[in-house]
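Please find below a short note for a colleague who is new to this structure.

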Amino acid sequence: MSEDRDYLHGYTKVEQQRLIDQAEILAPQLYEGLDFSAHKKMLEVGCGVGAQTGLLLERFPGLYIHGVDVSQAQIGLAKERLSGLVDEGRAKFTCADATDLTSMEDGGFDSAYICWFLEHVYEPIAVLKSLKEKLQPGSKVYLTEVNNSSLFVQPYSPNILKYWSELNDYQWTINGHPFIGLMLANLLLKAGFKNVQTEPRSFFFDDRDPVDRQKFMNYFFGIFNSANDTLVRKGRIHHEMIKDVRAEFEAAMGAEGSVFYYSYVRATAEA
């Protein structure tokens with residue numbers, strides 16, 4: 001994956017902050033049931049601005065993480081944000097193409113972590129094969145990826161669905177993978193991993209927790225906003241649709257009886 005590829009969300013300051021906010025909001029669900037306390041040296045592929053790196057190191061003080069990302073801008077911010085952890089020798093960041101990690105000096109990892117990344121790469125199997133070469137035999141890999149076919153919003157929101165369809169179709173045309181969570185087991189097996197396990201998981205909000213429902217839907221609306229400029233430029237959507245999408249999200253956030261549902265997939269395997 002090269003930095004100049006047609007990346008859906010871009011590398012603006014606003015997008016970088018969205019990634020930081022996203023990590024904080026999703027952490028309770030994403031890390032539920034995951035225990036990295038037995039691992040000492042983790043490779044995080046597609047680390048971006050280090051948003052999850054910092055959270056993982058905070059939760060697991062015995063862990064060292066080497067983060068890799070193709071974007072120099074993202075790596076630069078990760079180093080800046082987590083400079084204290086870098087100075088302590090608990091974190092390191094390298095700008096590299098994930099399909100070829102041979103240039104990395106670091107090796108001997110006992111674990112690896114990938115989250116919301118493979119959906120954006122041209123060759124996910126190449127990434128997984130390259131990753132496997134950096135791991136010790138038997139090392140555990142943890143992956144979390146999207147299943148964009150699962151989005152549901154009540155009240156019925158036709159503009160949200162139309163927008164989401166255009167976003168997914170565009171991502172597919174640029175060789176992304178908006179449904180890759182459902183493919184993780186096949187990809188891991190093809191890349192040579194073993195003991196592959198998958199777990200469908202979901203974000204599901206209704207009247208039982210209206211505060212978290214509103215908070216999460218507001219976050220998810222930010223994903224739409226992050227793609228606005230690209231999709232308008234590509235002729236996929238228009239500004240009137242953006243207004244309609246905003247109105248539907250606002251209505252759903254404030255409505256009694258509203259429902260938000262989105263599923264993703266967690267996978268684990270061994271090198």
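The points below cover a helix, a core and several ring arrangements.

1. This is a predicted model, in which local features need pLDDT of at least 70, side-chain atom pairs count only at pLDDT 80 or more, and totals for chains, interfaces and linings use all residues. Residues are numbered from 1 along each chain as its sequence is written, and side-chain values use heavy atoms, without hydrogens and water.

2. Helix 1 covers residues 13-30; helices are DSSP runs (H or I, at least four residues) numbered from the N terminus. Its 18 residues should span 26 Å at 1.5 Å a residue, which agrees with the 24 Å between its end C-alpha atoms. The expected span is 1.5 Å times one less than the number of residues.

3. Among the buried residues of helix 1 are Leu19, Ile20, Leu26 and Leu30. Buried means under 20% relative accessible area, exposed over 50%, and partly exposed in between (1.4 Å probe, protein chains only).

4. The largest nonpolar core has 91 residues, and Leu118, Leu128, Phe220 and Phe224 have the most contacts inside it. Helix 8 (residues 210-233) gives the most to this core, with nine residues. Such a core is a set of buried Ala, Val, Leu, Ile, Met, Phe, Trp, Tyr and Cys residues joined through side-chain atoms within 4.5 Å.

5. The charged end of Lys41 sits over the ring of Phe109, 5.2 Å from its centre; for Arg208 over Phe204 the distance is 5.7 Å. The criterion is NZ of Lys or CZ of Arg within 6 Å of the ring centre and within 35 degrees of the ring normal.

Definitions and conventions
Helices (H or I, at least four residues) and strands (E, at least two) are DSSP runs, numbered from the N terminus.
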